[in-house]
Amino acid sequence: PLLHHGCGSESQANRLAAVPRSGSAAVTTVPMRSVITSSHELSTRAVPQVQAGCPGHSQCLLAAGLVMLEVPLCAIRRSACYRWYWVIWSAPCARGAQLPSTEPLRGPSNPAAKWGLLIVGAMRRRFFLGGALAIGVAIVVIAGRECRRRPKPATGTFSSGIAYARFGTGSKSLLWLARSEGPTGGLDLMMMRPTLRPFVEHGYSAWVLSNPRNMPTGHTLADMADDYADLIAEEFGGKADLVIGHSTGGMIGFYLAAQHPDRFGHITVAGAACEWREELQAGNLEFARLLAAGRKREAVAFLLSSVSNMPPALVKLLAAGLARVFFSAPVNPSDVMITAQALGMFDGRKILPEIAVPVLLVGADQDFYFPEELLDETARLIPNCTYKLYRGKNHLQTIYNKQFPKDVLQFVQR
């Protein structure tokens, strides 16, 4: 759906509950505020050593760095860094935590411990903001160099008005029916690159497509499937080798599979089901209304508030950056509202039994929009369905994981 940028409904409490605790042996502890925080003290006083079985001081450095870089790293590497963060942060080196006190270990002989304690100490003092800013700038510079080093996808617009971004130049065609706004460039396309790379390596040219443009009032998802079928006939010789639809694109993919099975060789639907949660549809319309009015920051803030428990100040800060990343391209207000209304009317239960071609359905058990029971029902309704359910994944992680391209390629090669 239009709202599909959420990161799942898993709470911080659940994440913390899942982190393994250290052994039950009794230890003598020292409050964190008593930990040495200056280079002079490190050179003259003993550094407490973490007891065997607990994370070492080298992890203090990594934990300190990750807590300052949580937002930019998670934007670049998606939710993986968030999981690493919680695992490492469970070490007894968090702010306000306690360190076990055992035999002393001199600072100069353990540089990792020295720098780890320095950073943790700085986090509790005025140096935290300066350090976070410096490391954040370094991350941006490194990511920018990496993006410039990699070849950029070719972008453009077909005569029908559908925008595209193309990865690779292989002889086989892959059409990716993406979210409603389609490819916007920058981080948005960078996030898709790891998922599309295996397809490019297998000889595909991957075309990431937007939704149809300048749609008439009352245009439905079935009509959008007709638009894509016409595009394939005009631009791809009448048949695409592989079609992948995710979220809104997946729901359109159901109609494409039922009404135009001759326009593709194989089709995969990810992160979509026979319907989506009814209680979210009113929020989707409000999000579309804000986006259509050009109030992109407010739209993203509304989304973040709907799917998370983040403080308002953090929501406002993140909304400013995410609006630039995911909604940088101009949007047609009419198309945004028409798509939202079409999503509100969607119910695929009538069309799914009419699909005569094999379909690979991929879902996630923590999908906020398409829960597991709806995915199971969808798999039962499609006559020839190969069903993959990823455990511990959310809506975006359905496609942003290493297993997804492997499963799709295996399905195609059967």
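I started from the rule that a salt bridge is a side-chain nitrogen of Lys or Arg within 4 Å of a carboxyl oxygen of Asp or Glu. The model is predicted, so I kept in mind that local features need pLDDT of at least 70 and side-chain atom pairs pLDDT 80 or more, while totals for chains, interfaces and linings use all residues. Residues are numbered from 1 along each chain as its sequence is written, and side-chain values use heavy atoms, with hydrogens and water left out.

I looked up the count, and the rule gives 7 salt bridges.

I went to Arg349 next. Its side chain meets that of Glu275 in a salt bridge, 3.1 Å from N to O. Arg349 sits in the loop between helix H14 (333-344) and strand E11 (359-364) and Glu275 in the loop between strand E10 (264-270) and helix H11 (281-292), so the pair ties together parts 74 residues apart in sequence. I took helices (H or I, at least four residues) and strands (E, at least two) as DSSP runs, numbered from the N terminus.

I then found Glu377 in a salt bridge with Arg349, at 2.7 Å from N to O. Glu377 belongs to helix H15 (residues 372-381), and this pair is 28 residues apart. Shared partners join Glu275, Asp347, Arg349 and Glu377 into one network.

I checked accessibility too (buried is under 20% relative accessible area, exposed over 50%, partly exposed in between, with a 1.4 Å probe and protein chains only). Arg349 is partly exposed at 26%, Glu275 at 25% and Glu377 at 21%.

My last stop was Arg289, whose salt bridge with Glu286 has its closest N and O atoms 2.6 Å apart. The two are 3 residues apart in helix H11, about one helical turn.
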